[in-house]
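Here is a walk through one model, taken a residue and a pocket at a time. Have the structure open while you read.

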Amino acid sequence: MTGEIANYSIGLAAVADIPFIASIEAAAATMFPESVLPAAQRQETTPIGLLQQAQAEKRLWVAQQDGQPVGFLLADRVGEWGWVQEVSVHPDAGGRGIGKQLIMQVLEWSCQQQCQYVGLTTFRDVAWNGPFYQRLGFMAFDRLPTPEFLQQALAGEREWSRFCRVAMYYPLKPQ
């Protein structure tokens, strides 16, 4: 599936898109104040080797405007789970539904992968994080045990986070 939003398109990343992803991720990180995301964490981006592997495995999507990447989503599969490892939209392209369309893309991919859930970690109270995912149908882990891979991700994130990090999930099949 590819989505069209005004003059934006969303589809699988090409090799040529990979060099743009770090700048999108870094620009998106500038939206977080120091009180939420320390400066050192705002400088870190997803390793290029991981992006190259994900692109080759068709689990990296980009949103483009006029052929220029402005957002991306990196996913993986862990057992019966789809996993949103990273999603970022350049602030200049924010507020146009691109993040939502990227999430819809990974939900579709996870269904194709025969996953039962999609999980992610996020800031609980940052408007374009936890509340955004809740509006899309993601839930807190109160009815379901948090899977080990998300527990490990949260443990690592809580070492540097200054704000509450949580894991959330989206059920792909009726429970």
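This is a predicted model: local features need pLDDT of at least 70, side-chain atom pairs count only at pLDDT 80 or more; totals for chains, interfaces and linings use all residues.

**Around histidine 90**

You'll find histidine 90 in the loop between β5 and α4. Its side chain reaches the backbone nitrogen of aspartate 92 at 3.0 Å. Setting aside neighbours within four places in sequence, histidine 90 is in contact with Ile24, Ala27 and Val70. Two of those names, Ile24 and Ala27, come up again among the buried residues of α1.

**Helix α1**

Helix α1 covers residues 18-29.

The buried residues in α1 are Ile18, Ile21, Ile24, Glu25, Ala27, Ala28 and Ala29. An α-helix has 3.6 residues a turn, so residues three or four places apart point the same way. As for what lies over the buried residues of α1, the cover includes α2 (39-43), α3 (48-56), β3 (60-65), β4 (68-78) and β5.

Glu25 also turns up as a neighbour of threonine 46. Threonine 46 is in the loop between α2 and α3, and it is buried, with a relative accessible area of 12%. Leaving out residues within four places in sequence, threonine 46 is in contact with Glu25, Leu51, Leu74 and Glu86.

Leu74 is also a contact of leucine 50, along with Arg59, again leaving aside neighbours within four places in sequence. Leucine 50 lies in helix α3 and counts as partly exposed, at 29% relative accessibility.

**The largest pocket**

Now for the empty space. Rolling a probe the size of a water molecule over the atoms shows where empty space is left. Here the largest pocket has a volume of about 1300 Å³. It is lined by 45 residues, and the closest to its centre are Phe32, Glu86, Val87, Ser88 and Asn129.

Which elements give two or more residues to that lining? They are α1 (18-29), β5 (81-89), α4 (98-112), β6 (117-123), α5 (130-135) and α6 (148-158). The largest share, seven residues, comes from β5. By type, the lining residues split into 22 nonpolar, 15 polar and eight charged.

Threonine 121 is in strand β6. It counts as buried, since its relative accessibility is 15% and the cut-off for buried is under 20%. The side chain of threonine 121 makes a polar contact with the side chain of arginine 165 at 3.5 Å. Not counting residues up to four places away in sequence, threonine 121 touches Leu150, Ala153, Leu154, Glu157, Arg165, Val166 and Ala167.

Tyrosine 133, in helix α5, is buried too, with a relative accessible area of 7%. Its touching partners, not counting residues up to four places away in sequence, are Val87, Ile103, Leu120, Thr122, Phe138 and Met168. Val87 is one of the residues closest to the centre of the largest pocket.

| Pair | Apart in sequence | Apart in space |
|---|---|---|
| Leucine 50 and lysine 100 | 50 residues | 23 Å |
| Histidine 90 and glutamate 148 | 58 residues | 31 Å |
| Tyrosine 133 and glutamate 80 | 53 residues | 20 Å |

**Two positive phi angles**

Most residues other than glycine have a negative phi, and most peptide bonds are trans. Aspartate 66 has a positive phi of about 50° although it is not a glycine, and you'll find it in the loop between β3 and β4. Glutamine 114, likewise not a glycine, has a positive phi of about 65° and lies in the loop between α4 and β6.

Are they buried or exposed? Aspartate 66 counts as exposed, at 64% relative accessibility. Glutamine 114 counts as exposed as well, at 63%.

Notes: Residues are numbered from 1 along each chain as its sequence is written. Side-chain values use heavy atoms; hydrogens and water are left out. On a 1 Å grid over the protein atoms alone, a cavity is a set of points where a 1.4 Å probe fits but cannot get out, and a pocket is an open set with protein on both sides within 12 Å along at least five of seven lines; lining residues have an atom within 4 Å of a point. Grid points are joined across faces, edges and corners, and a volume is the space filled by probe spheres set on the points. Helices (H or I, at least four residues) and strands (E, at least two) are DSSP runs, numbered from the N terminus. Ala, Val, Leu, Ile, Met, Phe, Trp, Tyr, Cys and Pro count as nonpolar, Asp, Glu, Lys and Arg as charged, and the others, Gly among them, as polar. Buried means under 20% relative accessible area, exposed over 50%, partly exposed in between (1.4 Å probe, protein chains only). Contact means heavy atoms within 4.5 Å. A polar contact is a pair of N or O atoms within 3.5 Å; within protein, one must be able to donate a hydrogen and the other to accept it, and residues adjacent in sequence count only if both atoms are side-chain atoms.
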